Amino acid sequence: MPTYVYETIPRDESQEPESFEHFQSIHEEPLAHHPETGVPVRRVITGGHIISKKRGFSSGKCCQSSGGCQSC
């Protein structure tokens with residue numbers, strides 16, 4: 001099960017959002033409220049790590065479509 005990052009939705013612009021992580025199933029609906037405080041929240045999209053054996057990646061090297069590979 002993945003860990004998702006959420007942040008609170010401030011009521012006005014002077015407040016900073018607070019971030020937290022929540023461990024939940026990929027099949028569960030995203031949280032709408034903080035599980036402890038009930039404050040409205042939104043899920044934050046973060047970058048993931050994709051490992052691919054397709055063109056462009058080869059054993060830690062970056063490969064160009066022209067066929068040449070070099071260290072990344």
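What classes of residue make up the lining of the largest pocket?

## Pocket

By class, four nonpolar, five polar and three charged residues line the largest pocket. Ala, Val, Leu, Ile, Met, Phe, Trp, Tyr, Cys and Pro count as nonpolar; Asp, Glu, Lys and Arg count as charged; the others, Gly among them, count as polar. The lining includes Ile9, Arg11, Glu16, Phe20 and His34.

A pocket is an open set of points on a 1 Å grid over the protein atoms alone, where a 1.4 Å probe fits, with protein on both sides within 12 Å along at least five of seven lines; lining residues have an atom within 4 Å of a point.

## Basis

This is a predicted model: local features need pLDDT of at least 70, side-chain atom pairs count only at pLDDT 80 or more, and totals for chains, interfaces and linings use all residues. Residues are numbered from 1 along each chain as its sequence is written, and side-chain values use heavy atoms, without hydrogens and water.

## Sheet

Three strands form an open sheet in the order 2-1-3, with antiparallel pairing. Strands are DSSP runs (E, at least two residues), numbered from the N terminus; two of them pair if DSSP finds at least two bridges between them. Strand 2 (19-23) and strand 3 (41-44) are at the edges, each with a single partner strand, so one side of each lacks a neighbour in the sheet.

Strand 1 (residues 3-8) pairs with strand 2 over five bridges. Tyr4 has His22 of strand 2 as its bridge partner.

## Gln24

Gln24 sits in the loop between strand 2 and strand 3. Gln24 is buried, at 1% relative accessible area (buried means under 20%, with a 1.4 Å probe and protein chains only).

Key. Helices (H or I, at least four residues) and strands (E, at least two) are DSSP runs, numbered from the N terminus. Buried means under 20% relative accessible area, exposed over 50%, partly exposed in between (1.4 Å probe, protein chains only).
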